[in-house]
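The tour goes stop by stop.

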Amino acid sequence: MKKILILGLIVCSIASCGTNNKKKNEDTGNYQQVIDLSSENMQKQWRDTLDMGILKEGEVVQYKIGIHNTDTAVMVIQRVYTGCGCASAEHDPQPIKPGETGTVTITYDSQGQSGIQFKHILVQTTLHDRAHGIYLMADVRN
């Protein structure tokens, strides 16, 4: 019985090796959405939608989006453009190796808005000339 228990502990120890390694450019991975980007899919599809749900007018929300590099080349997020003053974005400027994930954090302020809202964010990377679009959608209620 002791041998089985010891063997089980050894197997568990070996199986857990490396599972706590965080990829560079990734923190906890608590993303509201992860977007896969490669030069190929940026040619075909250039937008994603982030549904922020129902918000109370005046509410400020922040969303953390993972930008997952599915290309074979290293990717850098060069710039993130917002289409209005109610949305702002920050990004990690560090290179994202193939298979790794970088972060874009979007903040949306619903002050003075009501009804269905669509906001446009553009993520420019080194993978393609075309920026990747992210539509923010929210139902803002008084």
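What follows covers confidence, the core and a charged pair.

This is a predicted model, in which local features need pLDDT of at least 70, side-chain atom pairs count only at pLDDT 80 or more, and totals for chains, interfaces and linings use all residues. Residues are numbered from 1 along each chain as its sequence is written, and side-chain values use heavy atoms, with hydrogens and water left out.

**Confidence**

Color by pLDDT, the predictor's confidence in each residue, from 0 to 100. The chain average is 78, and 75% of the residues score at least 70. Select residues 1–28: pLDDT stays under 50 there. Where pLDDT is low, the predicted coordinates should not be read in detail. Helix α1 (residues 2–16) has the lowest mean pLDDT of the chain's elements, 37. Now jump to strand β5 (residues 87–91), which has the highest, 95. Helices (H or I, at least four residues) and strands (E, at least two) are DSSP runs, numbered from the N terminus.

**Core**

Select Met 52, Ile 67, Tyr 108, Ile 134 and Leu 136. These have the most contacts inside the largest nonpolar core, which has 25 residues. Such a core is a set of buried Ala, Val, Leu, Ile, Met, Phe, Trp, Tyr and Cys residues joined through side-chain atoms within 4.5 Å. Strands supplying at least two of its residues each include β1 (33–37), β4 (77–82) and β8 (132–141).

Center on Ile 134. Contact means heavy atoms within 4.5 Å. Beyond four places in sequence, Ile 134 touches Ile 35, Leu 50, Ile 65 and Lys 119, among others.

**Charged pair**

Finish at Asp 139 and Arg 141, which form a salt bridge with the closest N and O atoms 2.8 Å apart. The structure holds 1 salt bridge, defined as a side-chain nitrogen of Lys or Arg within 4 Å of a carboxyl oxygen of Asp or Glu. Asp 139 is buried at 18% relative accessibility, while Arg 141 is partly exposed at 44%. Buried means under 20% relative accessible area, exposed over 50%, partly exposed in between (1.4 Å probe, protein chains only).
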